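Okay, thanks everyone for coming. Have a look at the sequence and the structure on the screen, and then I'll talk about aromatic rings.

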Amino acid sequence: MKLASINNGTRDGKLIIVSKDLAYYTDASFLAPTLQAALDNWTRIVPHLQALATSLDHGAVPAVRFHEHEALSPLPRAYQWADGSAYVNHVELVRKARNAEMPESFWTDPLIYQGGSDNFLGPRDPIRMDDEAYGIDMEGEVAVIVDDVPMGATVDEARSAIRLIMLVNDVSLRSLIPVELGKGFGFFHSKPSSAFTPVAVTPEELGEAWDGGRISLPLIVDLNGKPFGRANAGTDMTFDFPGLIAHAARTRSLSAGAIIGSGTVSNKLDGGPGKPVAEGGAGYSCIAEIRMIETINSGSPKTPFLHFGDVVRIEMRDAHGRSIFGAIEQQVEKYER
């Protein structure tokens, strides 16, 4: 089942069900007005949503053409957005970029930060910033939306709480990160609003690509129409989603609708840093990684961070080449208040 929130002039949009091929949708707001309302009553409502989805795919209910640019992020705002760093290869590289040592514990104890969740960007909304000097970077990730998770949940309990899966562009301002982290209190200015794919899907939509904790498919990241990243989201994922969720719930419960991110999808190559797509590698899901590898290889980075006018596209396709979640496609623009 594929769910989305279409823009109807309200903050949280209107809940719709989208066909498997992303071509059409039907109104589901008579069952639950918003996706958050559906998540709040998931056990009761999901059988009715599934029946409606089946009717849509069989052409048995009224259908309207689905246009991805009309969709908001599936949850335009959420009670919680907690982003992990499941791909420790990424953590290792970006820490090297700021001359920070990586403790050995990072391989056994997940990192996680609490991001802003009151205002997510839509999948086709521009990334607006005051200054290119902030070091504007994309971060292609996978994210899950959970049901209620009790404090101290086991990994199995965390796995059973996963309701929906989507992709995210976790925008980062690299030039602001070192100063903020140097204060010892974490990210704030350096982590502006994130954007999610037009559609969130239930786990069964992924078939064999989903093993209950990770998706084994390439994450497609393009920059200005050219391949930038093709890292497989199921490879080199040190901590899977049940592990991240259980970690997040160690000292607090998570409410229905909380979003947990994977962190930047990142693959090694023959045990070492990856290679660009143009050189036969899997590429990267953020610019910071390629800059670090350029520094390792030649002493200084060559690839610039994002400029005004640049366009980022993030997507994932199934084994038959069909888009699963729709695409995040965002242009970087100068912010004018």
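This is a predicted model: local features need pLDDT of at least 70, side-chain atom pairs count only at pLDDT 80 or more; totals for chains, interfaces and linings use all residues.

Let me start with Phe120 and Phe196, which pair edge-to-face, with 4.8 Å centre to centre and 75° between the planes. These two come from distant parts of the chain, 76 residues apart. Phe120 is in the loop between strand E6 and strand E7, while Phe196 is in strand E12. Are they buried or exposed? Phe196 has a relative accessible area of 0%, so it's buried. Phe120 is at 6%, so that one is buried too.

Okay, next pair: Phe228 and Tyr284. Their ring centres are 6.4 Å apart and the planes sit at 65°, so we call this one edge-to-face. Phe228 belongs to strand E15, and Tyr284 to the loop between strand E16 and helix H7, so the pair ties together parts 56 residues apart in sequence. Phe228 is buried, at 11% relative accessible area, and Tyr284 is buried as well, at 2%.

Arg65 has its charged end over the ring of Tyr24, 5.4 Å from the centre. Then there's Lys191, which lies over the face of Phe187, 5.2 Å from the ring centre.

Terms used
Residues are numbered from 1 along each chain as its sequence is written. Side-chain values use heavy atoms; hydrogens and water are left out. Rings of Phe, Tyr and Trp (its six-membered ring) pair if their centres lie within 6.5 Å; planes under 30 degrees apart count as stacked, over 60 as edge-to-face and the rest as tilted. Helices (H or I, at least four residues) and strands (E, at least two) are DSSP runs, numbered from the N terminus. Buried means under 20% relative accessible area, exposed over 50%, partly exposed in between (1.4 Å probe, protein chains only). A charge sits over a ring if NZ of Lys or CZ of Arg is within 6 Å of the ring centre and within 35 degrees of the ring normal.
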